[in-house]
Amino acid sequence: MAEDDAEDIVRPIGVGLKISEARHLSEIAHELGVNRHQLLVWLVRDFFRRWSSGYRPPTELRRVLRDPSKED
């Protein structure tokens, strides 16, 4: 098997969601007429496509003060 072919092998991974998020995902999948797996694959691949096009999600930088006496 060539290296390029090895990169196209589908490898399942898991993702933890809150119960409410899983429910929302199911509702969207039902509305679209697909199962949750199909919806998740589409969502991830769509994000990768947008990322490759230069999209970066908004992020927030927050400063946190730590008590050095409570660190290891």
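The following dialogue reads selected features of a predicted model.

Student: What conventions apply to this model?
Tutor: This is a predicted model, in which local features need pLDDT of at least 70 and side-chain atom pairs count only at pLDDT 80 or more, whereas totals for chains, interfaces and linings use all residues. Residues are numbered from 1 along each chain as its sequence is written, and side-chain values use heavy atoms, with hydrogens and water left out.

Student: How many salt bridges are there by the rule?
Tutor: Side chains of opposite charge can pair when their charged atoms come close. The rule requires a side-chain nitrogen of Lys or Arg within 4 Å of a carboxyl oxygen of Asp or Glu. The count comes to 2 salt bridges. Arginine 49 and aspartate 46 meet at 2.5 Å, N to O, and arginine 50 and aspartate 46 meet at 3.0 Å, N to O. These salt bridges share partners and join Asp46, Arg49 and Arg50 into one network.

Student: Is aspartate 46 buried or exposed?
Tutor: Buried means under 20% relative accessible area, exposed means over 50%, and partly exposed lies in between (1.4 Å probe, protein chains only). Aspartate 46 counts as buried because its relative accessibility is 16%. Arginine 50, at 29%, counts as partly exposed.

Student: How many aromatic pairs are counted?
Tutor: Rings of Phe, Tyr and Trp (its six-membered ring) pair if their centres lie within 6.5 Å; planes under 30 degrees apart count as stacked, over 60 as edge-to-face and the rest as tilted. By this rule there are 2 aromatic pairs. The rings of phenylalanine 47 and tryptophan 51 have centres 5.8 Å apart and planes at 35 degrees, so this pair is tilted. Both residues, phenylalanine 47 and tryptophan 51, lie in helix H3, 4 residues apart. Phenylalanine 47 also forms an edge-to-face pair with tyrosine 55, at 6.3 Å centre to centre and 90 degrees between the planes.

Student: Which charged end sits over the ring of tryptophan 51?
Tutor: A charge sits over a ring if NZ of Lys or CZ of Arg is within 6 Å of the ring centre and within 35 degrees of the ring normal. The charged end of arginine 56 sits over the ring of tryptophan 51, 3.5 Å from its centre. Arginine 50, a partner of aspartate 46 in a salt bridge, lies over the face of tyrosine 55, at 4.9 Å from the ring centre.

Student: Where is leucine 32 placed, and how far is leucine 32 from glycine 54?
Tutor: Leucine 32 is in helix H2 (residues 19-32) and is exposed, with a relative accessible area of 55%. Leucine 32 and glycine 54 are 22 residues apart in sequence and 27 Å apart in space, C-alpha to C-alpha.

Definitions and conventions. Helix = DSSP H or I, 4+ residues; strand = E, 2+ residues; numbered from the N terminus.
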